[in-house]
Amino acid sequence: MTTRSLPIPEGLAGMRVDAGLARLLGLSRTAAAALAAEGAVELDGAPAGKSDKLVVGAWLEVRLPEAAAPVENTPVDIEGMSILYADDDIVAVDKPPGVAAHATVGWHGPTVLGGLAAAGFRISTSGIHERQGIVHRLDVGTSGVMVVALSERAYTVLKRAFKQRTVEKRYHALVQGHPDPSSGTIDAPIGRHRGHDWKFAVVDGGRASVTHYDTLEAHPAASLLDVQLETGRTHQIRVHFAALHHPCCGDLTYGADPKLAGKLGLERQWLHARSLAFVHPADGRRVEITSPYPADLQHALDGLRLHGG
């Protein structure tokens with residue numbers, strides 16, 4: 001049995017116990033609810049139910065079975081993960097697909113933090129041990145720019161910047177068909193999919209989610225989009241374009257055509273974190289970091305340009 005004790009952080013204020021634990025500890029919401037039902041979750045010394053609300057500063061204590069204890073970010077060299085920028089406060093990596101941002105329960109693959117540890121980077125920030133330095137995340141299957149805070153100052157400033165939406169996050173996405181209009185804004189709330197705990201969907205009562213997009217290239221079968229996120233919900237781009245019946249090519253989880261994915265040689269969603277722009281937490285200068293397309297996405301796009309899909 002492993003016990004985790006910590007005060008409720010501001011970012012979880014007002015959330016249900018099961019939802020907050022899922023985000024905080026990397027558990028599924030079902031697993032978090034089961035812990036509450038077993039009496040393994042306490043707030044300020046009193047047992048908490050799965051639907052109880054979290055209050056900032058309340059003392060949380062969770063008893064986790066060993067099998068559910070968060071894993072470590074094992075130091076390991078990660079093929080294809082390169083350093084795009086680094087100084088004393090921040091490091092930006094080019095994250096390849098198949099790599100998680102940090103260790104979570106049930107994930108046994110490589111992590112960005114593990115790769116940074118293997119490369120000799122040392123992170124000196126507060127927060128949950130297995131998420132130290134993490135100020136934002138990319139899906140395991142999404143490639144591209146990801147920045148990690150190395151110092152306490154950078155962690156505090158960048159967390160605030162992402163929360164206040166002052167970081168410019170641009171993605172490139174290859175979606176099926178042709179969004180109409182070709183440039184626009186998707187403003188639709190996102191929440192857990194009611195039928196699948198591991199998926200998300202546009203739902204009434206979901207969290208506010210705003211996606212801006214412009215068409216860069218239009219081909220017979222698909223369109224290459226430049227996407228700017230105003231919010232940063234889990235699977236936001238994938239969910240929003242699937243809701244418009246234009247899923248990311250190769251994204252079988254959200255309804256992409258497997259025949260087109262096979263034709264393009266895609267084994268994951270065509271979605272790439274193209275660039276991040278933000279104010280440097282130490283000296284206030286504007287920093288913009290850009291990532292080139294990885295080989296699999298470039299191959300698919302080249303095929304589309306050559307044959308039209």
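Reader: Which residues touch the most other members of the largest nonpolar core?
Author: In this predicted model, V227 and I237 do, in a core of 28 residues. Elements giving two or more residues to this core are β6 (90–95), α3 (112–118), β7 (143–149), β8 (168–176), β13 (222–229), α5 (236–243) and β14 (271–279).

Reader: What is I237 in contact with, leaving aside its neighbours within four places in sequence?
Author: You'll find Y171, A173, V227, L229, C248 and L271 on that list. A contact here needs heavy atoms within 4.5 Å.

Reader: And what does the second, separate core include?
Author: That one has 22 residues, and I8, L21, L35 and A48 are among them.

Reader: Let's turn to S223. Why is S223 called buried?
Author: Buried means under 20% relative accessible area. S223 has 1% relative accessibility, so it counts as buried. Its place is in strand β13.

Reader: What makes the pair of S223 and G177 a polar contact?
Author: The cut-off for a pair of N or O atoms is 3.5 Å. A polar atom of the S223 side chain lies 2.7 Å from the backbone oxygen of G177, within that cut-off. Beyond its neighbours within four places in sequence, S223 is also in contact with residues including A173, L174, V175, H178 and T215.

Reader: On to helix α7. How do you know that its span agrees with what it should be?
Author: Helix α7 covers residues 295–307, which is 13 residues. At 1.5 Å a residue they should span 18 Å, and the end C-alpha atoms are 18 Å apart, so the two agree.

Reader: Why say that the buried residues of α7 line one face?
Author: Start with who they are: L297, A300, L301 and L304 are buried. Looking down the axis of α7, the buried residues fall within an arc of 95 degrees, so they line one face of the helix. The face turned away from that buried side carries A295, H299, L306 and H307, which are exposed.

Reader: What do the buried residues of α7 pack against?
Author: Quite a list: β7, β8, β12 (210–218), β13, α6 (258–264) and β14.

Reader: What makes β6 a mostly covered strand?
Author: The count does it, as 6 of its 6 residues are buried. I90, A92 and D94 sit on one side, with V91, V93 and K95 on the other, and both faces are covered.

Reader: How do you know that β6 pairs with β5 and β7?
Author: Pairing takes at least two bridges between two strands. Strand β5 (residues 82–86) and β6 have 4 bridges, in the antiparallel sense, and β6 has 6 bridges with β7, also antiparallel. So both pairs pass the cut-off.

Reader: How many bridges join β2 to β4?
Author: There are 3 bridges between strand β2 (residues 41–43) and strand β4 (residues 59–64), which run antiparallel. With at least two needed, they count as paired. Within this pairing, E42 stands opposite E61 in β4.

Methods:
Residues numbered from 1 in each chain as written. Predicted model: local features only at pLDDT ≥ 70, side-chain atom pairs only at ≥ 80, totals over all residues. Heavy atoms only, no water. Core = buried A, V, L, I, M, F, W, Y, C linked by side-chain atoms within 4.5 Å. Buried < 20%, exposed > 50% of the residue type's maximum accessible area, 1.4 Å probe, protein only. Expected span 1.5 Å × (residues − 1). Arc of directions from axis to C-beta. Polar contact = N/O pair within 3.5 Å; in protein donor to acceptor, adjacent residues only side chain to side chain.
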